[in-house]
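Hi,

Here is the structure I promised to pass on.

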Amino acid sequence: MKALKVMGYIFAGIMLILSGIVLYLALSTNFVPVGYGVGAGVVILILVALCVFLSTKKKKVTRIVSIVISILISIMMAFGIYYLVVTIKTMNEVTGITTEVDEINVYVSKDDAVTSINEAIENGYTFGLSLTDDQEHINETISKIEADVNATITTKEYESIFELIAAYENGEVQSFIINAGSLIMYEGASEENINYSDNLKIIMENTIVEEIEEEEATVIDKDHFLVYFSGIDTFGTVSAKSRSDVNIIGVVNNETKQILLVSTPRDYYVPLSVSKGKKDKLTHAGLYGVDCSENALEELYNVDINYYVKLNFSGFQGIINEIGGIDVDSEMAFTSETEEGTYHFTQGINHLNGEEALGFARSRNFKEGDRQRGRNQMQVIKATINKLETPSTLKNYSGIMETMDGFFQTDMTTEDIGYLVQSTLQDGNWEVLTYSVGGNDSTETCYSTGSQELYVMLPNDEDVEYGTTIINRILSGEKLTQDEINVYLNNKDAEDIIDEDAVNTELTEESTEEKTTEQ
């Protein structure tokens with residue numbers, strides 16, 4: 001009996017220690033409000049006191065009950081410690097990130113006999129360069145090569161990767177040095193270029209870590225801010241510079257609990273901060289860094305973006321699978337064909353896993369093209385936010401945290417995110433509103449592609465101006481409704497139809513006049 005009493009005290013002490021560790025870790029994440037922590041601490045002390053009290057009783061069964069309670073709670077606390085350690089580790093690795101990776105590679109034909117940069121130099125190869133790549137990093141790579149081999153290499157410059165590849169195909173150069181993201185851009189420019197990299201092999205890699213340029217430090221209002229969501233078109237590391245296929249500004253008002261998602265099509269024709277005023281597709285800004293994409297959107301909407309969140313396709317799929325899928329509301333029924341498979345979606349609610357959600361978000365086979373694609377992407381983000389707010393998400397919390405590592409990064413700190421989580425726990429759920437801008441189809445030359453003409457979307461100034469207006473209204477604390485935004489969009493669509501009919505009527509009248517003149 002005395003042994004049971006001692007065991008009761010020991011297990012009660014273990015429970016107290018483990019519970020204290022859990023409370024400490026939980027509060028250190030800044031995700032748990034202090035009030036919640038105090039309340040949990042009081043409950044734990046009461047349970048410990050109860051177990052100690054039961055251990056003092058003479059009845060054997062009472063002391064056994066106290067030991068069982070202590071063991072069960074200790075096991076729960078041990079699991080809690082595990083989850084919290086995983087959370088803290090992941091949050092430290094994916095938050096507060098202010099660097100990006102530029103991958104500069106040296107390519108030759110996959111059938112080339114040379115297997116290293118040294119062999120290529122020994123064989124007198126000329127290396128082609130693209131002037132639209134980051135010249136500082138290209139020159140840094142060349143300097144590294146020359147230092148390693150103690151020799152000067154022969155290079156030849158071209159206006160863009162298109163001219164560079166043409167010169168390589170014609171034998172003017174036997175190898176070329178470019179940013180890996182530029183090659184991805186080249187492959188995506190036309191169906192003829194798809195999988196062009198399958199014909200190449202890398203004989204040298206140079207990974208350069210670069211600080212993301214940020215504006216002068218200012219005090220950020222944690223209750224009213226803008227965050228740039230960038231979805232890059234790669235399945236590898238999220239830190240690499242690459243095209244940004246998803247470009248969404250999240251406008252957060254923590255007081256009104258409203259989030260406005262403003263989507264800008266990937267092909268929007270805008271000036272870049274690196275191009276000295278020359279315009280390019282918005283998606284190509286990602287090749288020069290997330291800060292370049294941010295700057296392009298800031299100039300477009302005349303706003304200041306405070307944070308960025310970067311996610312690649314690998315992370316996108318993984319996170320959605322880890323939370324058990326999402327329920328996405330589709331405006332229409334459609335079929336999406338991607339490299340991963342063919343997916344069919346019905347009008348209304350669709351429960352999607354990660355691969356299906358990616359197919360839903362990437363499809364561009366619509367009459368409105370990228371504008372509809374942007375709306376679909378926002379529906380996916382909205383559904384993900386809704387799912388993350390549900391209690392069921394906690395069942396696989398550690399899995400979600402582990403999936404985020406390597407596929408998700410942000411310059412928001414753990415404290416910033418913790419503040420939002422705390423306020424959500426205290427003040428309720430978020431209302432998510434969506435808006436997307438449109439434009440007119442065109443074919444233009446782009447900064448990153450030199451003289452090569454590509455499809456672009458010319459911005460609709462009225463759409464952009466309305467976007468700026470509602471961004472500022474959300475930030476100022478004014479409550480908006482999705483219906484109000486939809487009224488603008490529906491009226492605009494009606495005007496577009498009228499304008500299109502007017503153009504068709506005018507063309508018909510001109511054709512009739514020409515026929516009359518000919519007669």
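Below is what turned up, starting with the whole chain and moving on to the salt bridges.

Keep in mind that this is a predicted model, where local features need pLDDT of at least 70, side-chain atom pairs count only at pLDDT 80 or more, and totals for chains, interfaces and linings use all residues. Residues are numbered from 1 along each chain as its sequence is written, and side-chain values use heavy atoms, with hydrogens and water left out.

The chain has 15 helices and 19 strands (DSSP runs, H or I of at least four residues for helices, E of at least two for strands, numbered from the N terminus). Of its 519 residues, 51% are buried (buried is under 20% relative accessible area, exposed over 50%, partly exposed in between, with a 1.4 Å probe and protein chains only).

Now the charged pairs. The whole structure holds 14 salt bridges (a side-chain nitrogen of Lys or Arg within 4 Å of a carboxyl oxygen of Asp or Glu). In one of them, Asp-245 pairs with Arg-266 at 2.9 Å between the closest N and O atoms. Asp-245 sits in strand β7, while Arg-266 is in the loop between β8 and β9. Both residues are buried.

Another salt bridge joins Arg-473 and Glu-484, with 2.7 Å between the closest N and O atoms. Arg-473 belongs to helix α14 and Glu-484 to helix α15, so the pair ties together parts 11 residues apart in sequence. Here Arg-473 is buried at 18%, but Glu-484 is partly exposed at 30%.

Cheers
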